[in-house]
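Here is a short report on how two chains meet. Start with the strands, then turn to the interface as a whole.

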Protein chains: 2
Amino acid sequence: MKKLISLTEAESRLKNGEIKGWGLKEGKLYRECTFPNFSLAFGFMASAAITAEAMNHHPEWFNVYNKVNISLTPHDVGGLSELDFELAGKMNKLLTNL
Amino acid sequence: MKKLISLTEAESRLKNGEIKGWGLKEGKLYRECTFPNFSLAFGFMASAAITAEAMNHHPEWFNVYNKVNISLTPHDVGGLSELDFELAGKMNKLLTNL
């Protein structure tokens, strides 16, 4: 079973800078990313897609041109789970290495 | 300059079945696609991304797991352009060949 995280705990971990660039929006982890162009934006998405599939934990995301807005939440239960923080952390590593 | 298409013309062309599966939503061409799983959904997005980049005409799209919702519009002008119909047609071909 997925380890659930309370909003209070999530806020505290975000405040501590565990996953920089992420906030909370509608109870989900949320980050907006801007890239120099579409190719780089989609390149990040492709890398993140492989990571997400390997974790069997998938983002909700919106892309237009050089922007990618990402929401992370466990879809089968409410709230947030440890997997959301894990995927956010892995996406941050991808963003750092681009 | 991009050839603009009026909403009346767009509705007429959609009714004639020029780009099956597409409708109008908030003045944009719109299609919702469902795939058997995330990999196939993202595989379609990757193919469509390459097509879009080659046309220098990019979609607004949202993905969660096996669903991809696509909106097409020229971003620099209002309304719809010939490029939107062209990209929709190319995406339909990709969907047929998956």
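## Strand pairing across the chains

A:Trp61 has B:Asn63 as its bridge partner in S4(B). Strand S4 of chain A (residues 60–64) and S4(B) pair in the antiparallel sense, over five bridges. Strands are DSSP runs of E, at least two residues, and helices are runs of H or I, at least four residues, both numbered from the N terminus. Two strands pair if DSSP finds at least two bridges between them.

## Basis of the model

This is a predicted model: local features need pLDDT of at least 70, side-chain atom pairs count only at pLDDT 80 or more, and totals for chains, interfaces and linings use all residues. Residues are numbered from 1 along each chain as its sequence is written, chains are lettered from A in the order written, and side-chain values use heavy atoms, without hydrogens or water.

## Interface area

In contact (heavy atoms within 4.5 Å) are 16 residues of chain B and 16 residues of chain A. About 1,400 Å² is buried between the chains, and carbon and sulfur atoms give 71% of that. Buried area is the accessible area (1.4 Å probe) lost on putting two parts together, summed over both. B:Phe38, B:Phe42 and B:Trp61 supply 35% of the area that chain B buries against chain A, more than any other three residues.
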